[in-house]
Amino acid sequence: MSSSFEKYQKRRLISSYFSVVISISLVLFLLGLLGLLVLNSKKVADYFKEQIAITVFLKDSAKEVEITQLKQSLALAEYTKSATFVSKEEAAKEHQETLGENFIEYLGENPLQNSIDVYILADYVTPIKMEEITNELKSKGFVDDVIYDKPLIAQLTENVKRISFWVLVISGIFTFIAVLLINSSIRLSIYSKRFTIKTMQMVGATKKFIRQPFVWKSVRLGIVGAVVAMIGMGVVLYYLNQSFPQLQLLGDPTLLAVLFIFIFLMGVLITWISTFIATQRFLNLRTDDLYY
């Protein structure tokens, strides 16, 4: 009978530890994913910004030397990520592939113009800076027109500001929720041992002596939970980097190391504080209050 009860108690203890580790792991994993989002939000926004091109249409009278000089000046410009010259013949071929028919035979001539597609660095993709670049290019006599998607630039700039603000707000809220959830799991674990705590106190054990094994046990569970969460984050990060290599999610190892260290410290710190507070609460309770 005693052996069966001991086995039952051991199973309950293991189940309690397992549930605490799972709770800590899930919360820290979600917190880590949110951290990845915060760290890479600018990188993702920059990626989409740099997909927007300024198209410079050249007059048919433009000389070869003028086009060459423009290409060189654009390649060296501080705002340029890349610049690609598209001849009118290449543009006509792309249009034919898109339309599925030879429009040159129908029109009798190629109405398209030579052009240069200029992809701008993310820091310069703002309505004001894009307008300045456009005016500078239009001032050249052999440039016929310069176009880009103005509404898209304005909307993208506004959305990036709005998303950045809400990501920070959600991060703060989620961090608070993570602390509460881990704290609740630890408190429930300590609650099941409240009579043991009070018994030890009644036989003369000091508060520090009683508290220490509970704190270290919870810290160890926090470390295990943090390690499991970091492994999960590593798998997700590797998968995302394989799926979207252009985002270069592994491009800054220092920031990633800081994030993983933060998750590890959160697992240790939250469990330590939560256990300390929970054990202190039961140490200060009267014996009669333990039943409520």
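Four strands make up an open sheet in this predicted model, in the order β2-β3-β1-β4 and with antiparallel pairing. Strands here are DSSP runs of E with at least two residues, while helices are runs of H or I with at least four, both numbered from the N terminus. Two strands count as paired if DSSP finds at least two bridges between them. At the edges stand β2 and β4, each with a single partner strand, so one side of each is left without a neighbour in the sheet. From one strand to the next, the twist averages 20°.

Now for the pairings around β1. Strand β1 (residues 53-58) pairs with β3 (residues 115-120) in the antiparallel sense, over five bridges. Within this pairing, Val56 stands opposite Ile116 in β3. Strand β1 also pairs with β4 (residues 143-147), again in the antiparallel sense, this time over four bridges. There, Thr55 has Ile147 of β4 as its bridge partner. As a bit of background, side chains in a regular strand alternate between the two faces of the sheet.

A word on how the model was read: residues are numbered from 1 along each chain as its sequence is written. Local features need pLDDT of at least 70 and side-chain atom pairs count only at pLDDT 80 or more, whereas totals for chains, interfaces and linings use all residues, and side-chain values use heavy atoms, with hydrogens and water left out.

Searching the whole structure turns up three salt bridges (a side-chain nitrogen of Lys or Arg within 4 Å of a carboxyl oxygen of Asp or Glu). One of them joins Glu50 and Lys81, with the closest N and O atoms 3.2 Å apart. This pair links distant parts of the chain, 31 residues apart: Glu50 sits in the loop between α1 (2-49) and β1, and Lys81 in strand β2 (residues 80-86).

On to the helices. The axes of α5 (residues 127-138) and α6 (residues 150-191) come within 9 Å and cross at roughly 150°. That makes α5 roughly antiparallel to α6, a label for angles over 145 degrees. Axes are lines fitted to C-alpha atoms, for helices over the stretch in contact, and angles run from 0 to 180 degrees between N-to-C directions. Contact (heavy atoms within 4.5 Å) is made by Pro127, Met130 and Glu131 of α5 with Lys150, Ile153, Ala154 and Thr157 of α6.

Helix α6 also holds Val160. Leaving out residues up to four places away in sequence, Val160 touches Ala45 and Lys49. Val160 and Ala45 are 115 residues apart in sequence, yet 6.8 Å apart in space, C-alpha to C-alpha.

Finally, an unreviewed UniProt entry annotates residues 12-39, 163-184, 221-240 and 255-278 as "transmembrane region"; such annotations may be inferred rather than shown by experiment. Residues 163-184 are 100% helix, with end C-alpha atoms 31 Å apart. Residues 221-240 are 100% helix too, and their end C-alpha atoms lie 29 Å apart.

Definitions and conventions:
Angles under 35 degrees count as roughly parallel, over 145 as roughly antiparallel, 65 to 115 as roughly perpendicular and the rest as oblique.
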